[in-house]
Amino acid sequence: MDWFYELIRNPFLITAFSSWFLAQIIKVILNFAINKKISIERLFGDGGMPSGHSATVTSLATLAGLMYGFDSFQFAIACILAVIICHDAMGVRLETGKQAIAINEILRSFQNKTWDQLPEATFKELVGHTPSQVAMGMLLGFLNAIFMFDYVV
């Protein structure tokens with residue numbers, strides 16, 4: 001049972017998960033402020049402000065730097081991982097969302113037609129992030145890691 005205690009006391013996991021959770025809570029709050037309705041799907045959904053992916057990996061890299069030094073291999077690995085994930089969120093995943101919007105619009109335009117083979121599925125449109133959403137996620141992750149460094153380490 002020591003492994004479980006070590007797992008739940010791991011400062012990297014605690015910091016990364018808390019950064020993700022904070023980002024998701026902020027998404028729910030912002031969605032409520034904009035749309036005037038609570039959307040629990042935003043708690044677990046991709047896309048939106050701020051980027052949970054960016055918050056998670058940035059907090060992991062920041063904590064690695066704070067704990068092991070910014071010249072350590074631990075920081076280097078976490079930093080490269082963060083760069084790849086943040087870039088992917090703004091690139092491939094953002095373009096995937098744009099393509100989903102276009103495909104869904106095409107499918108909607110054919111809904112009134114009598115096509116036998118028309119797919120019934122719609123594609124998830126909110127999967128990527130704008131640069132500002134990624135930047136806010138990175139800022140959230142950085143600040144949370146600094147805060148958590150004082151409390152979990």
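**Entry 1: overall fold.** I read along the sequence and found that the protein chain follows the pattern α-α-α-α-α-α-α. I counted 7 helices and 0 strands, where helices (H or I, at least four residues) and strands (E, at least two) are DSSP runs numbered from the N terminus. I note that this is a predicted model, in which local features need pLDDT of at least 70 and side-chain atom pairs count only at pLDDT 80 or more, while totals for chains, interfaces and linings use all residues. Residues are numbered from 1 along each chain as its sequence is written, and side-chain values use heavy atoms, with hydrogens and water left out.

Entry 2: Buried means under 20% relative accessible area, exposed over 50%, and partly exposed in between (1.4 Å probe, protein chains only). Among contacts with a separation of 6 or more, 70% join residues 24 or more positions apart; contact means heavy atoms within 4.5 Å.

**Entry 3: nonpolar cores.** Which residues form the largest nonpolar core? I listed 6 residues: Phe12, Ala61, Leu63, Ala64, Phe75 and Ala78. A nonpolar core is a set of buried Ala, Val, Leu, Ile, Met, Phe, Trp, Tyr and Cys residues joined through side-chain atoms within 4.5 Å. Helix H4 (52–68) and helix H5 (73–90) each supply at least two residues of this core, and H4 gives the most, with 3 residues. Apart from this core lies another, of 5 residues, among them Val57, Cys86, Ala89 and Val134. I then examined Ala64, which, leaving aside neighbours within four places in sequence, is in contact with Phe12, Gly69, Ser72, Gln74, Phe75 and Ala78.

**Entry 4: cysteines.** I searched the whole structure and found 0 disulfides, a disulfide being a pair of cysteine sulfur atoms within 2.5 Å. The sulfur of Cys79 is too far for a bond, because the closest cysteine sulfur, in Cys86, is 9.5 Å away. Cys79 is partly exposed, with a relative accessible area of 27%, whereas Cys86 is buried, at 6%.

**Entry 5: H4 and H7.** I checked how H4 meets helix H7 (residues 131–152): their axes come within 7 Å and cross at roughly 40°. Axes are lines fitted to C-alpha atoms, for helices over the stretch in contact, and angles run from 0 to 180 degrees between N-to-C directions. The residues that meet include Ser54, Ala55 and Thr58 in H4, and Val134, Gly137 and Met138 in H7.
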